[in-house]
Amino acid sequence: MTTQVDKILIINLTRMGDILQSTPLLKAVKRRNPRAEIHYMVVDSFTEICRLIPEIDRIIPFEFASAIAVSKSAIRYLPRRLKEVEDFIETLRKEGYQQVINLSHSRISALICHLLAVPEVKGLTLDREGFRQIQNPWAQYFFTANLNRTCNRFNMVDIHLGLAYEAQDHHASRRSVWNPPGGNALSAEIPPEAHVDANYLLQDWPGKEAPLLVGFQPGASLASKCWPADSFIQLGEKLIHQPGAGILIFGSHAESELAQRIALALGDSALNLAGKTSLSTLAALLNRVALLVTNDTGTQHLAAAIRTPVLSLCFGSALSHETGPYGVGHIVVESTLPCFPCNFHVECKRFRCQEQVSAEIVTRLAVQMLTKIPPDQDGEEPLPEDINVWKTDFDSDGFWLERPAVKRPLSVEALVNLAIRKVWKDLLLGAENRKSQIDGGLSALARELEDFLPPEADSFGSRMLDCLRSFSEVEELARSGETFSRELESLTSMPLTGFERIQAIAEELARVDQAIATIGANSPAVNHFVLDFTFGKQNLESNQVQLLARQTGNLYNRLAEGVSRFKSLVQGWEGYFNYHNSHNLLIKS
Amino acid sequence: MNANYLELNLKRLFANQTEVAQNLRQAYRPESIELRYSREGSPVPVINRKCLHSPYDPQGESRKWVASLGLPEANHTGLIVGGLGFAYHLTELLKVFPPDRLALVEPDLNLAAAAFAARPPEVFPEGLTFVLGKPTVQAYLTLREHITDPAINFKVVEHPASVNQHPEYFHTLAGIFRAQEVARQGGFKILVVSPLYGGSLPIATYVRDALNALGHRAEILENSVFHPGMEALNRWTSNRRHQGQLRGLLATLLAEAVTARALDMGADLVLGLAQSPFTPKVCGELKKAGIRTAFWFVEDFELMTYWNGLAQHFDHYFIIQKGDFPAQLEAVGCSQHHYLPVAADPAVHTPLNLTTAEMREFGSDLSHIGAGYHNRRQTFIKLLDYDFRLWGNDWENCGPLAAALQRSGGRLSTNDCVKVFNASRINLNLHSSTYHEGINPFGDFLNPRTFEISACGGFQLVDQRSLIAESFTGDEIAAFRDVKELRELINHYLAHPEERQKIAEAGRHRVLQEHTYSHRMLEMLGVISGSDPEWAPKSGGLPTPEEIIRQAGAESELGRVMQRFQGEGPMTLEGLSAKIEHSNGDLNRTEAMILLLNEFRRWGLEKQVL
């Protein structure tokens, strides 16, 4: 068993949604350390949401304006400004945290972790020399997933939960982290006075007694994430014809103009509440609606936290596999465009992904959710193929998963990504006996594959073959890297010998790494393993060459093991689907 | 009549400051200074009908003046005293400061000579520093040479009656001191705006380099990147009027870009050069943003007339001509105009050891670099009997001159120009004119080539210009008035290489001493700061590692961190962070906190709150 910790600092300098998405982690940490006090550092503008999270024992506001002010002209008053920084760090240090969980991936949070010098950091920090270091395999996976988004099939909540997982105690820990009694869910507590405030906001609205309230959240942090206002209006016009329906439009103060435009178009059946609610009142109002139709926003996660069904519209850079509504039975709509999701570093000028999602389709899905009829059983035409509709669920391990709401033929990407998820789950959980399941091939994914029709495209086989070829090449390279590393380890154990050979090995390893990186850059699937290897190498830190050689060898081994597991899992796909094609394809192992 | 102490005083001065003594002796014209005598018989000079000291009690007046200054203890302080007068105030100052802590500056050499003649030797004790009759920049540089002890903080005080005689001189000198104090602490941020094309283009680089060498932070807004665009506009229509309109719109756009860049970099000064794009609106916007504006009009005001309508919108307008131009500027409302000739950049314009092959490629008895202006065509046609090489562009249809034309009239790089200056026995420098038949009899300003050839140690024959005497003596440069004289001089100097060498060396010495872009920029900043003592860098001065060590204490962790960067000049937080990130070894606590501060700054920039 791991030792108990009494005081934990969690750093999360991101936004409201991310804070809510960390609530299952907070609960898991509490379960493992019932006596522990959890301090939570957030940017001061997001402290309000933290007050709805009972697991937070103390909020540490990171005062953004003060931090910026301290940095202004800092070079001219350096001793004084450094004193202010030192006071800030010292105040935290005096708390005597035994553990820091860093959920931010900014350099600011890494420097704070480094300066606090607590016994254990999970997440991004800096090593002794100031180089980036990602501590904890799940945190390392977070960075891989972030750089290779389309192949990731873990929700951020589950990745964060991984930070509470103890590999050496994996059976108990797995149950405690992903299968707690009642399952995992986002959480937010609505204070009683919030209901009073909600009543007050609704009191003059003619629709306040409407039995079927639907919430709209038409704004989002970026224009690329916002479904057009006209589409919301069309949706609203259709929904208000449902018996007893009324619409509440939510949003921040900055979004009030947008909300007002929609509200005006819908008349008395809609109420604009944008900019008028505190977060606790918003939670109380979300608690009253039967459904929230929303873009990817903090409001979406707040609704999920209070168990309100969510119809989520994912556009721009929002990717529902990562940050979709955590819970069972939410519906997500997103594009199948090749440019979706937007890269974080681009600014889209023509939001085609939004144009693909018509008000008719969203209306249909909303009505199905309100009437609890599954999407493919409403007697309507099949949903268009250029959109994906997902239904949220949990798998048998307690991990959140989006399942296709409409059965379609299995694509190479869908199979590969499910397989990656399976392999990574095993690798990250460190379960030694999981290999046997993989040896059974795709039967280990039987439940997930039931959501699909068998693959039908002729190119499926050749594309799978290409994919597996990349995996085989990387495996071969990784095995040779491991062999070189082991030789290096033994050479460096003998002083003053084999200098020339050591140099030759170093050159060989550089060549191997370059080849691995090149294959990774050309194949997103294999890159999901290569990136982890790269981060692992960045984490290496030792003055002893022999130790470094051993650790490097272990990293090659881990890479080879990962890609090999992937191959074992998928290479029987032909038999599994009873799929034969006229080209008589062979798969080389 | 009182005794004449000149020789007695000069004798002592000769021992320490020989040049000053020589200049004083040469300048002494006793009859030119009017004197009055006080009740006690003390002589008081009268200049422009103003007494420089009290005609009743010069000693008493000086006592009161010194008392009114509220001077600090002499321990770590020295004084630069503006104005010598007849040195009554000096006597009072010497009661507080030892002679080696006092330096006196007086631009009027004749007045200084009169003072040395009229006042007894005890008034001028040994150890005093005199800077007499020197232009402001030379005065500043001489003072800097004398002020070598960094522990002594020199303060400038001005003798009011003397300063009233030469207000611009003393303001500029004080301005140079202020600007260079700012430079010591990180400098002004200066945006040098280049033209799109033309001969003045390299000057932007020389100016930028000079400003940076002085300790300021200058960058060029490189408008030449838009030159191909402007040429494209000219190709898109052959309608001259449309071409003009399009060029105007482009210039307006580029002027707006000046504001954007200046605001982005946090400029303290925007300096436009020759034909760089500005509009009155842009000048107004820059002023509104607290950014000073200056323009260096390094061209002929009669040929290029765009100054009209624009000059008055700049805070300062620097010109290379005298004559009618100042009055014309005044007439359009531009009162802040200042004469500032062009110069050379010794880092570029320098003597070279050329290889034999280079001598073959670039050498000749006689050469000229420049565009094919009308007057040059008319003149050079008469020189084809010499070993003459003609370099430069715009020589189309030049008839027999084509025989001398090099590289088919291709433009020469700056480096190649320097090689030609070095390789030619005689560099011909004929200022351009679009309409004179030969030499412009009314030519006034000196072109950059005049200074550049001299800086290279090259020998030149230049057409006679009325402003030559402002920059060179007859021993430092040779000038001709017409073609006849030109041919005589060519023949003479080709036959007398030793004379060529002597003049060239003297010319180079003079350029290095007085006519580099560093000298010009010192003067320019002195003028701007002198007329505007409140002008301070917006970002404040940047500290050097040494200053941070002083603030933090050498034994503190910050002090020890900064010791690694001593001698590296002023620091920004960004620069310091980069140095720390590139250092080897463990990151200590202070270094990590510096990096954290820098991350805060970056966050602020990202969120656009800084």
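This is a predicted model: local features need pLDDT of at least 70, side-chain atom pairs count only at pLDDT 80 or more; totals for chains, interfaces and linings use all residues.
Chain B holds 25 helices and 18 strands. Its radius of gyration is 28 Å, close to the 25 Å that the globule rule gives for 610 residues, so chain B is as compact as a globular protein of that length. The C-alpha trace of chain B spans about 80 × 70 × 50 Å along its principal axes. Of the 610 residues in chain B, 53% are buried. Among contacts in chain B with a separation of 6 or more, 65% are between residues 24 or more positions apart.

B:Asn447 lies in the loop between strand E16 (424-429) and helix H17 (448-455) of chain B. B:Asn447 counts as buried because its relative accessible area is 9%, and the cut-off is under 20%. Apart from neighbours within four places in sequence, B:Asn447 is in contact with B:Val342, B:Asn429 and B:His431.

Next come the charged pairs. Side chains of opposite charge can pair when their charged atoms come close. Over all chains, a search of the whole structure finds 65 salt bridges. One of them joins the side chains of B:Glu219 and B:Arg261, with 2.8 Å from N to O. This pair links distant parts of the chain, since B:Glu219 is in strand E9 (residues 217-221) and B:Arg261 is in helix H11 (residues 240-265) of chain B, 42 residues apart. B:Glu219 is partly exposed, with a relative accessible area of 25%, and B:Arg261 also counts as partly exposed, at 25% relative accessibility.

A further salt bridge is formed by the side chains of B:Lys579 and B:Glu568, at 2.6 Å from N to O. Here B:Lys579 belongs to helix H24 of chain B, while B:Glu568 sits in the loop between helix H23 (557-563) and H24, 11 residues apart. B:Lys579 has 31% relative accessibility and counts as partly exposed; B:Glu568, with a relative accessible area of 40%, is partly exposed. In chain A, salt bridges link A:Arg174, A:Asp395, A:Asp397, A:Arg421 and A:Lys425 in a network.

The remaining part concerns the interface. There, 33 residues of chain B are in contact with 31 residues of chain A. The area buried between the two chains is about 2,900 Å², and carbon and sulfur atoms give 75% of that area. Five salt bridges are found across the interface of chain B and chain A, and six residue pairs there are in polar contact. Helix H22 (545-552), helix H24 (573-581) and helix H25 (589-606) of chain B each supply at least two residues of the side that touches chain A. The largest share of that side, 13 residues, comes from H25(B). By type, the residues of this side of chain B divide into 19 nonpolar, eight polar and six charged.

Two of the salt bridges between the chains can be located by residue. B:Arg589 pairs with A:Glu90, the closest N and O atoms being 3.4 Å apart. This pair crosses from helix H25 of chain B, which holds B:Arg589, to helix H5 (residues 78-93) of chain A, which holds A:Glu90. B:Arg589 counts as partly exposed, at 27% relative accessibility. The other salt bridge is between B:Glu599 and A:Arg107, whose closest N and O atoms are 3.4 Å apart.

How values were computed
Residues are numbered from 1 along each chain as its sequence is written. Chains are lettered from A and ligands numbered from 1 in the order in which they are written. Side-chain values use heavy atoms; hydrogens and water are left out. Contact means heavy atoms within 4.5 Å. Buried area is the accessible area (1.4 Å probe) that two parts lose on being put together, summed over both. A salt bridge is a side-chain nitrogen of Lys or Arg within 4 Å of a carboxyl oxygen of Asp or Glu. A polar contact is a pair of N or O atoms within 3.5 Å; within protein, one must be able to donate a hydrogen and the other to accept it, and residues adjacent in sequence count only if both atoms are side-chain atoms. Helices (H or I, at least four residues) and strands (E, at least two) are DSSP runs, numbered from the N terminus. Ala, Val, Leu, Ile, Met, Phe, Trp, Tyr, Cys and Pro count as nonpolar, Asp, Glu, Lys and Arg as charged, and the others, Gly among them, as polar. Buried means under 20% relative accessible area, exposed over 50%, partly exposed in between (1.4 Å probe, protein chains only). The radius of gyration is taken over C-alpha atoms; the globule rule is 2.2 Å times the number of residues to the power 0.38.
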